[in-house]
Amino acid sequence: MFTRRGLLAGGSLAAAALLGGCGLRPTGGRTVASGPIATDIELEGAIRFQTWNLRSAYLEYFEGLIDEFVTAHPGTSIDWVDQPADGYADNLQVDASNLDLPDVLNVAPDLALPLAQAELLLDLSEARPETLEAYTEGSVADYSDAVLGTTFAFPWYLNTGPIFYNRALFEQAGLDPDAPPSSWDDLFDQADAMGDAVDGAFYMIGQLPAIADLGMYGVQLLDERGERFTFNDERAVQMVDRYRQAYERKGLLPDATVLTYTDAGERFQSGQVALSGGSAYDVANFEENAPDLYANLGITEALTETGHANMYSQGIAVSSRTAHPEVAIAFAEFLTSDEKQKEFSRIVDVFPSTRGALDDPYFTEVDDSDTSEVRVAAAGQLEDAVSYTPPIWTEEMRVELQRQLSDAVIGRISAQEALDASVEQANRLAGVSE
Amino acid sequence: MSTTALSAQETPRTSSAPARRTKPVRVRTHAPLTPWLLMAPALLSAIVFVLFPFLNTVVLSFTDARPLVGGSFNGLQNYRDLLADPMFWIALRNCLIYVVGAVPPLVILPLLLAMLVRKSVPGIGAIRTAIYTPVIASVVVTGLIWTWILDSRGLVNSMAQWLGVISAPIPFLTDEFLLLFSSILVTVWQGLGYYMVVYLAVLANVPRSLHEAAMMDGAGPVRRFFTVTLPAMRSTMLLIGVISSLAAFRVFSEIFVLSGGTGGPGGRSSSLVMLIREAGTGLSGRLGYSSAVSIVLFLLTLALMVVNLRLTYRKES
């Protein structure tokens, strides 16, 4: 009746069908019904709340926050878990695949988007449209997707950074430490001058440009619909060519072709690089780990040709499969409220995402503290800052861009070839290639 | 239950009863099922943790699967992409360079070391331990130590510049081939002790009479090494060659740590395993493509093993 070959083929097909989707698309479980969710009811239920590497430094703040919420809502309880910095995306992936995402979770835009695409995060533009009005437009945009038509997280804290530079190294290179680079082209000119003067004893620039740097240089990163990458235009070629020139004239650290962001920061601290991006958070780090640098630290505004500095944000999302959506949303709103964000900003050098929060004197007036100058400068930048890195920009795209730019800077390929290849690969990975 | 069993074993014989030959207890063994029952735990773990993931990888390699959103069958597209991907060819080239660069030293140097340290002289234990120590250290830790040594501001470059041997740092970690060479150096350094112990064990089994006979025939130490020791070591050397070439083909940690995870300038020092990791991880990972590279790596490793085994068989026969 059945031939052996037929059985084998049938068995293989069945196995393929069985195995093909294994562990990929999370299915099953109950999803929270779409539509508005009220939180002004008597809240009851236990939820799990996950942060990203915050427990060790801010234990007291979060314990106090949770106590305050639970005291105000006696029927609730919160199980706080904190995941280490490394492998956070992998942990989220495992939880998501097992349909076991925490009810409330700390996300960045690039982590939240794939979860939202898999319909694992609650659409807050439907559930709590009125709450979203409390946050700045730019920060909400970070967690919204035009294609999906959803907003998948409440914006939490923001960060941006001025440029730090080593005044002593500027002086050694014959550059004026009171006239640090004020534009990208100025940076490249000064990098060439430094390279000519010190011949590789130290360097002006410590790393290759990231996608956000291209954006700040005025490169159009995406098309008008925000779907297709376009960062291979003339402006981008011009920027990469300036990097190549800086490399040739020893204004760019040769190791920049293989350095990560963290490595580049270490080179700045050790005095091998004269200028670096950063945030207010770094000042205390310099004081503790690089006292020589701290003694000669110069601070200037972020370099941008668009008039808008870069901004990074963290968000708080709610799982679409939470058993207690009211409690989860209420806690997420409580955590990201104006009051709680301001409190958190006083503990750690980050900035609130709520409207008008940056008008607080804490962010506008310089005081005696070490970080206040940077804080005020950064807060000023945030007023009209833009998140240049598109949420659809993945780690694999970042690696590909760095590789291509590395080849271009070394001179193996032209800037145009490098950018064309990066754009082609990024579009292919984003699923929008021809 | 244990009480019942104990009671059955300890049922006293009455002293008045005549001694009887106890009948052997017949245990129902369910003969056909027993082997399967005994193998079940190992079989189950092999199916769950080896066979199933392997089959799943094969199937995934024919899909455009991504985490969380799933995927659909796309035929041989991943394999076509792979053949058109310059990074695949670069990674394959690097794996072959790694095999050619790492295997001969890993076969020859431990043998020479074993010859040196096999004699019982004072302090030889400490020397053996020192050579073996890198084996028990984590690859990541040793990789980081070597990074500090070979960095542009590391020990080697600083010393060489201080001595005036070089004017600019040697780009051990920023040149694609020097990075590969540095990684091979770490692999060899870390593997020496392990294979040395293997050789020491085999050397102890070489009959002393063979050496004595050769000495009576007037053979010196070098001659005895080539005519007595080396032939006795041949099968061990081939075994080490097979093991180390398979490991070298699947290299990951050394290159990953020394390049800070970047795969060197332009990623041109990446290995195939690095390529798999890079494409397949993260919430937007390309599981289908990553699986296709895994399958190709598996087939290449298999081919390498078959060639090695055939060579071994031919030489031994």
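Read from the N terminus, the elements of chain B follow one another as α-α-α-α-α-α-α-α-α-α-α-α-α, where helices (H or I, at least four residues) and strands (E, at least two) are DSSP runs numbered from the N terminus. This is a predicted model, in which local features need pLDDT of at least 70 and side-chain atom pairs count only at pLDDT 80 or more, whereas totals for chains, interfaces and linings use all residues. Residues are numbered from 1 along each chain as its sequence is written, while chains are lettered from A and ligands numbered from 1 in the order in which they are written.

**View 1. Chain B as a whole, with 13 helices and zero strands.** Of the 317 residues in chain B, 32% are buried, a residue being buried if 20 or more other C-beta atoms lie within 10 Å of its own, exposed if 12 or fewer, and partly exposed in between, with C-beta atoms placed from the backbone. Among contacts in chain B between residues at least 6 apart in sequence, 71% join residues at least 24 apart; two residues are in contact if their C-beta atoms, placed from the backbone, lie within 7 Å.

**View 2. The packing of helix α9 (residues 208-216) against helix α10 (residues 221-249) in chain B.** The axes of these two helices are 10 Å apart and meet at an angle of about 140°, where axes are lines fitted to C-alpha atoms, for helices over the stretch in contact, and angles run from 0 to 180 degrees between N-to-C directions. α9(B) and α10(B) are therefore oblique to each other, given that angles under 35 degrees count as roughly parallel, over 145 as roughly antiparallel, 65 to 115 as roughly perpendicular and the rest as oblique. The crossing of α9(B) with α10(B) is right-handed, a crossing being left-handed if the near helix is turned anticlockwise from the far one by less than a right angle, and right-handed if clockwise. L210(B), H211(B) and A214(B) of α9(B) make the contact with R224(B), T227(B) and V228(B) of α10(B).

View 3. S294(B) counts as buried because it has 22 C-beta neighbours inside 10 Å. Leaving aside residues up to four places away in sequence, S294(B) touches T57(B) and I276(B). S294(B) and S61(B), although 233 residues apart in sequence, are 8.5 Å apart in space, C-alpha to C-alpha.

**View 4. The six-stranded open sheet of chain A, in the order β2-β1-β3-β10-β6-β11.** The pairing in this sheet is mixed, and two strands pair if DSSP finds at least two bridges between them. β2 (76-83) and β11 (351-352) of chain A stand at the edges, each with a single partner strand, so one side of each is left without a neighbour in the sheet. Helix α15 (residues 325-335) of chain A packs on the sheet, where it touches β1, β2, β3, β6 (154-159) and β10 of chain A, and its direction makes about 155° with that of β10(A).

**View 5. Strand β3 (residues 104-107) of chain A, covered on both faces.** V104(A) and N106(A) on one side, and L105(A) and V107(A) on the other, are all buried. With strand β1 (residues 45-52) of chain A, β3(A) pairs in the parallel sense over two bridges, and L105(A) has Q50(A) opposite it. With strand β10 (residues 312-318) of chain A, β3(A) pairs in the antiparallel sense over four bridges; here L105(A) stands opposite A317(A), and N106(A) has I316(A) as its bridge partner.

**View 6. The three-stranded open sheet of chain A, in the order β8-β7-β9.** Pairing in this sheet is antiparallel. β8 (275-277) and β9 (297-300) of chain A stand at the edges, each with a single partner strand, so one side of each is left without a neighbour in the sheet. From one strand to the next the twist averages 25°. Strand β7 (residues 163-166) of chain A is joined to β9(A) over four bridges in the antiparallel sense, with I163(A) opposite T300(A).
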